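Subject: Structure handover

Hi,

Here is the structure I promised to pass on. Have a look at it first, and then read my notes below.

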Amino acid sequence: MPEFLENVVATAHGKVNLYLQVGDLRPDGYHDLTTIYESLSLSDELSLTAVGAGGGVRGLSVQGPRTVPTDQTNLAWKAVELLVAAYRDRGFTEFPEVEISIRKGIPVAGGMAGGSADAAAALCAMERMLAPAYGAIGRNEMLSLAATLGSDVPFALVGGVQLGTGRGEQLTSVMHRGTHHWVLAMNSKGLSTPTVFQKLDQLRQERTMPRIGHDHELPIGPITADPQRLAQALANDLQPAALSLLPELRRTLAAGKAAGALAGIVSGSGPTCAFICADMEHAHQVADALIDDGVASAVTTATGPADGVVIQGQTWQTWST
Ligand code: C5P
C-alpha cells in the first residue's frame with residue numbers, strides 16, 4: 001500500500017447567514033441566492049481512520065443526536081466516496097478503507113449547515129490522508145466537489161465571511177472586522193431546507209411578499225465590527241416561510257428581543273434563531289433569559305467569524321493555496 005496517513009482529525013464550523021436574499025425558483029429546482037455567510041465557533045469534529053485496504057467507507061459513528069444518519073446517506077460518507085472517485089479519475093487505484101467518526105457540536109437540521117460542515121470536513125480529511133502518496137486535489141476542484149455535495153459545502157470549507165451567489169456555492173470573500181457575539185436558540189423540531197424553500201415559493205404565489213433588498217442594504221463593504229450596525233443589516237427572505245411552518249419561532253424571536261438582543265433572525269432555513277449581542281457578557285445575559293423563558297430546546301452562545309475546516313491547527317484555506 002502507498003504511504004497514506006492512518007488517522008486525520010478535522011474540525012468544521014457552523015454558520016449563520018447575515019443576509020439571505022432568495023430569488024425565483026430556477027428550472028433546476030434551486031433558487032438564486034445572494035447571501036452573506038459568517039462561520040461560527042460552534043463546530044463538529046470528524047475523525048477518519050484507515051482500517052484496511054480497498055477504498056470506501058466501512059462504517060460511520062456519531063456522538064450526538066440520534067437523528068444523524070450513520071449510513072451511506074450521511075453527507076460525510078458521500079464526501080469520502082466522491083473524493084476517492086476524484087483520485088480514481090486521476091488514475092490511482094489503491095485506497096485505504098476508512099471508518100468515520102463524528103462528534104456533533106452544531107445543531108442538527110437547524111439551518112446552521114451542520115451536515116455541510118461534516119461533508120467539508122470529510123472531503124478535507126480524506127484529501128489529507130491520501131495526499132502524502134498522491135498529492136493534493138487542488139483548490140478549485142475541491143470547491144467543485146464540495147458544491148456537488150450541497151450548496152453551502154464550499155462555504156464550510158472556506159469559512160470566515162463570504163458573499164455567496166449562484167445557489168450559494170459561488171464565493172467571494174468579504175472583508176470583516178472584529179468579533180460578533182451571538183446567542184443561538186435551537187428548536188428540536190428541526191426544519192427541512194427544501195420544505196422551507198417550497199413554502200416560500202407557495203407564500204410568494206399566494207400573495208405579494210416583501211422581498212429583502214428594497215429596505216435593506218446588502219451589508220458588504222467591510223462587515224462591521226459594530227454590532228448595532230450589523231443588527232440593522234440582518235435580513236432573511238426564508239424567515240417568513242420558516243415562521244409559517246413553525247409559528248412558535250415567533251415567540252423565540254420575541255423573547256430574544258425582550259431579553260435585550262440587538263436583533264434576532266432565523267438562521268438560514270431555520271429553525272435555529274440567532275441573536276446578535278453587544279459583547280460576550282451581554283450574550284450570556286440574553287442566553288440566560290432565553291433559557292428561563294423556555295422558548296428553545298437548547299440555547300448556546302457563539303462567536304463569529306470562525307475558520308472553515310481546520311486540520312492540525314491549519315485551515316484548509318492556507319493548506320490549499
Ligand atoms: O444544495 P443543497 O443540497 O443543500 O440543497 C437542499 C435543497 O434546498 C435543494 O434541493 C433545494 O430544494 C433547496 N435549495 C434551493 N435553492 C438553493 C439552495 C437549496 O432551493 N440555492
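Let me start with Gln-312, which counts as exposed because its relative accessibility is 76%. For these labels, buried means under 20% relative accessible area, exposed means over 50%, and partly exposed is in between, with a 1.4 Å probe and protein chains only as cover. Gln-312 is also a residue other than glycine with a positive phi, near 45°. You'll find Gln-312 in the loop between strand 12 and strand 13. Helices (H or I, at least four residues) and strands (E, at least two) are DSSP runs, numbered from the N terminus.

Before going further, a word on what you're looking at. This is a predicted model, so local features need pLDDT of at least 70 and side-chain atom pairs count only at pLDDT 80 or more, while totals for chains, interfaces and linings use all residues. Residues are numbered from 1 along each chain as its sequence is written, and side-chain values use heavy atoms, with hydrogens and water left out.

Back to the backbone. Most residues other than glycine have a negative phi, and most peptide bonds are trans. Ala-113 is another residue with a positive phi, near 65°. Ala-113 sits in the loop between strand 4 (96-103) and helix 2 (114-134), and it counts as buried because its relative accessibility is 14%.

There are cis peptide bonds to look at too. One runs from Gly-270 to Pro-271, with omega near 5°, and Pro-271 belongs to the loop between strand 9 (263-266) and strand 10 (273-277). Another cis bond goes from Gly-304 to Pro-305, with omega near -5°. Pro-305 is in the loop between strand 11 (298-304) and strand 12 (310-311).

Now for the ligand. Which residues are around it? They are Gly-29, Tyr-30, His-31, Leu-33, Gly-150, Ser-151, Arg-167, Thr-193, Pro-194 and Phe-197, where being near a molecule takes a heavy atom within 4 Å of it. By type, this shell divides into 4 nonpolar, 5 polar and 1 charged. Strand 2 (31-53) and helix 5 (193-206) each supply at least two residues of the shell, and helix 5 gives the most, with 3.

Some distances to the ligand: a side-chain N or O atom of His-31 is 2.6 Å from a ligand oxygen, and one of Ser-151 is 2.5 Å from a ligand oxygen. Arg-167 takes part through its backbone, with an N or O atom 2.9 Å from a nitrogen of the ligand. The protein covers 75% of the 450 Å² of accessible area that the ligand has on its own (Shrake-Rupley method, 1.4 Å probe).

Thr-315 lies in strand 13 (residues 314-315) and is buried, since its relative accessible area is 16%. The side chains of Thr-315 and Thr-318 are joined by a polar contact of 2.5 Å (a pair of N or O atoms within 3.5 Å; within protein, one must be able to donate a hydrogen and the other to accept it, and residues adjacent in sequence count only if both atoms are side-chain atoms). Gln-232, in helix 6 (residues 227-233), is exposed because its relative accessibility is 59%.

Cheers

How values were computed: Ala, Val, Leu, Ile, Met, Phe, Trp, Tyr, Cys and Pro count as nonpolar, Asp, Glu, Lys and Arg as charged, and the others, Gly among them, as polar.
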